[in-house]
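The sequence and structure come first.

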Amino acid sequence: MSSVDFEEAGHKLLKINLEPGQEMELCIMLLECCSQERTYLRYYGLLGQRFCMINKVHQENFEKCFVHQYSMIHRLETNKLRNVAKFFAHLLGTDALPWHVLAYIRLTEEDTTSSSRIFIKILFQELSEHLGIRLLNERLSDPTVQDSFDSIFPKDNPKNTRFAINFFTSIGLGGITENLREYLKNMPRLIMQQQKPVFESDESGSSSSDSDVSGSESKSGSSSSDSSGSESETDSDDRRRKKRRRN
């Protein structure tokens, strides 16, 4: 771009008369220009940040661009992939883009490719460099947005949990997996606690059924004794009648 700095470029671009619904074209153009550079220029990140801060429509459009770019990441060359990852890392690091967009990333062996892993690697390394590992860890541990990070730090089964831990450790960001390591360490105990109520309910159900069976048996026993008693009384009455007839 021919502008001296990002502020001048932003001022010129915002003067363009766009029809409603054409705002997405501006975001796509900016992202495409960024990806075409030989190396990442912070100029584009600052420009994207300015757009997001000025108009929420641009923020929503960049969120859609993030989803689209990640879904098509395997088609990008390594250089373009790196520039796109750094661009979105800048938007996330400056809070120009909401962190819930990370929910679109599912970090498992089956759900990622070599290209998507490179994208995630660059994205988080840039965030760590921009925010610092301590602040990044605090952001990722924020309880208000934990649901958005469940797919990046999976806890559905031990295999996926270990994969995420090993991935971040291999790229030098093992510090952000402390909560995940603690969860994996306590997983056997958590499973036992989850299974305990089910086991107790099964036991109570079996004991109640046993008591019902014993109760029914006692009832049947008493009824049989009653019936045998009534039969003996009937036999004695018959004998008396026969004696009277003979007399």
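The text below moves from the overall fold to one helix pair, then to the aromatic residues and a loop residue.

This is a predicted model, in which local features need pLDDT of at least 70 and side-chain atom pairs count only at pLDDT 80 or more, whereas totals for chains, interfaces and linings use all residues. Residues are numbered from 1 along each chain as its sequence is written, and side-chain values use heavy atoms, with hydrogens and water left out.

The protein has 10 helices and 0 strands, where helices (H or I, at least four residues) and strands (E, at least two) are DSSP runs numbered from the N terminus. Of the 247 residues in the protein, 36% are buried, buried being under 20% relative accessible area, exposed over 50% and partly exposed in between, with a 1.4 Å probe and protein chains only. Among contacts between residues at least 6 apart in sequence, 71% join residues at least 24 apart, a contact meaning heavy atoms within 4.5 Å.

| Helix | Residues | Residues in the contact |
|---|---|---|
| H2 | 23-36 | Leu30, Leu31, Cys34, Ser35, Gln36 |
| H5 | 78-93 | Asn79, Lys80, Asn83, Val84, Phe87, Phe88 |

The two helices, H2 and H5, pack at an angle of about 130°, with their axes 8 Å apart; axes are lines fitted to C-alpha atoms, for helices over the stretch in contact, and angles run from 0 to 180 degrees between N-to-C directions. That angle makes H2 oblique to H5, since angles under 35 degrees count as roughly parallel, over 145 as roughly antiparallel, 65 to 115 as roughly perpendicular and the rest as oblique.

By the rule that rings of Phe, Tyr and Trp (its six-membered ring) pair if their centres lie within 6.5 Å, the count comes to 10 aromatic pairs. One of them joins Trp99 and Phe149, edge-to-face (planes over 60 degrees apart; under 30 is stacked and the rest tilted), at 6.4 Å centre to centre and 80° between the planes. This pair links distant parts of the chain, 50 residues apart, with Trp99 in the loop between H5 and H6 and Phe149 in H8, and both Trp99 and Phe149 are buried. Phe62, Phe66, Tyr70, Phe87, Phe88 and Phe119 form one aromatic cluster.

Asp95 lies in the loop between H5 and H6. Phi of Asp95 is near 60°, a positive value in a residue other than glycine, whereas most residues other than glycine have a negative phi. Asp95 is partly exposed, with a relative accessible area of 40%.
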